[in-house]
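Please look at the sequence and the model below before reading on. The paragraphs that follow go from the whole chain to single residues.

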Amino acid sequence: MWKHLRCSFVVVGIVLFLSGGFVSATGYKTTELNRKMTEISSLQHSLSEKIALAMTKKEQLEEKTESLKQEIRHEKEQMQVESYPNAVLIPRIDYNLKLIQLLLGYTTSLEEKIVYFQNGRDTLDFFFQQAQDDLLMIKTLNDLEVDKLIAQINSALDEYTSETTKPLFDVDAAPLKDAEQIWNEIKK
């Protein structure tokens, strides 16, 4: 009888020990997922701010580009210039064409950055939803699935966090459109 009773105590002890470990592992995973969701929300806010800033800058560059094009059209009519070689002989037109080249390159860079940030925000939203779902099901998930999700979230957080601290675009890497092509578009 003592033998049977002692065996029951051992089994109950093992069950309590294992369930306590499961509860603490579950608590850790819940805490970790909640922390990641907070980080995601914060980074999504930063990305939204960067998108808004990039869109504002893009609009400003587009307005300036249009203003320069108008000025070129005015100079073209005043000087009665029809060909590109003659147009670049007029300093104001040549200068404006070069400025437009830069502005169009910057605009293209900003458009790419906006798309990148929007994709980042969407990716983070997906991970946030997945973390939320996993929190609801945490007791049925095994640790590997939660660890995999946390690793994916960390990877996305690292990538997009570093991008929010950088300038919107690299002026030296902005693509430049051919000045003669710009002239021909303005001339139309």
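**From the whole chain to its residues**

Among the contacts in the protein chain with a separation of 6 or more, 85% are between residues 24 or more positions apart. The model is a predicted one, and the chain in it has five helices and zero strands. Read along the sequence, the pattern is α-α-α-α-α. There are 188 residues in the protein chain, and buried residues make up 34% of them. The accessible surface comes to about 12,000 Å², and 58% of it belongs to carbon and sulfur atoms.

How far does the predictor trust its model? The mean pLDDT of the protein chain is 84, and 83% of its residues reach 70 or more. One stretch stands out: over residues 4-24 the pLDDT stays under 50, and for this stretch the model has one contact beyond four places in sequence.

Next comes the interior. In soluble globular proteins, nonpolar side chains tend to be buried together. In this model the largest nonpolar core has 41 residues, and L33, L97 and W183 have the most contacts inside it. The largest share, 13 residues, comes from α3.

Apart from its neighbours within four places in sequence, L97 is in contact with I72, Y84, V88, A179, I182, W183 and I186. Four of these names return in the next helix: the buried residues of α5 are A179, I182, W183 and I186. Seen down the axis of α5, these buried residues fall within an arc of 100 degrees, so they line one face of the helix.

I186 counts as buried because its relative accessible area is 2%, and the cut-off for buried is under 20%. I186 and K69 are 117 residues apart in sequence, yet their C-alpha atoms are 6.4 Å apart in space.

I114, in helix α3, gives another example of residues brought together from separate parts of the sequence. I114 and K50 are 64 residues apart in sequence and 8.0 Å apart in space, C-alpha to C-alpha. With a relative accessible area of 7%, I114 is buried. Its contacts, leaving out residues up to four places away in sequence, are with I51, A54, M55 and K58.

Is a lysine or a glutamate in this model buried or exposed? Two cases can be checked. K36 lies in helix α1 and is buried, with a relative accessible area of 5%. Beyond its neighbours within four places in sequence, K36 is in contact with I150, I153, N154 and L157. E163 is placed in helix α4, and its relative accessibility of 12% makes E163 buried as well. E163 touches K113, Y116 and F117, again not counting residues up to four places away in sequence. With K113 there is also a polar contact, in which the two side chains are joined at 2.6 Å.

R35 can be set beside these two. R35 is in helix α1, and at 40% relative accessibility R35 counts as partly exposed. The side chain of R35 makes a polar contact of 2.8 Å with the side chain of E32.

The last stop is a loop. Most residues other than glycine have a negative phi. Q80 is not a glycine, but its phi is positive, at about 55 degrees. Q80 sits in the loop between α1 and α2. Its relative accessibility is 68%, and Q80 therefore counts as exposed, since the cut-off for exposed is over 50%.

Note on methods. Residues numbered from 1 in each chain as written. Predicted model: local features only at pLDDT ≥ 70, side-chain atom pairs only at ≥ 80, totals over all residues. Heavy atoms only, no water. Core = buried A, V, L, I, M, F, W, Y, C linked by side-chain atoms within 4.5 Å. Buried < 20%, exposed > 50% of the residue type's maximum accessible area, 1.4 Å probe, protein only. Helix = DSSP H or I, 4+ residues; strand = E, 2+ residues; numbered from the N terminus. Contact = heavy atoms within 4.5 Å. Areas by Shrake-Rupley, 256 points an atom, 1.4 Å probe, with all protein chains shown as cover. Polar contact = N/O pair within 3.5 Å; in protein donor to acceptor, adjacent residues only side chain to side chain. pLDDT = per-residue confidence, 0-100. Arc of directions from axis to C-beta.
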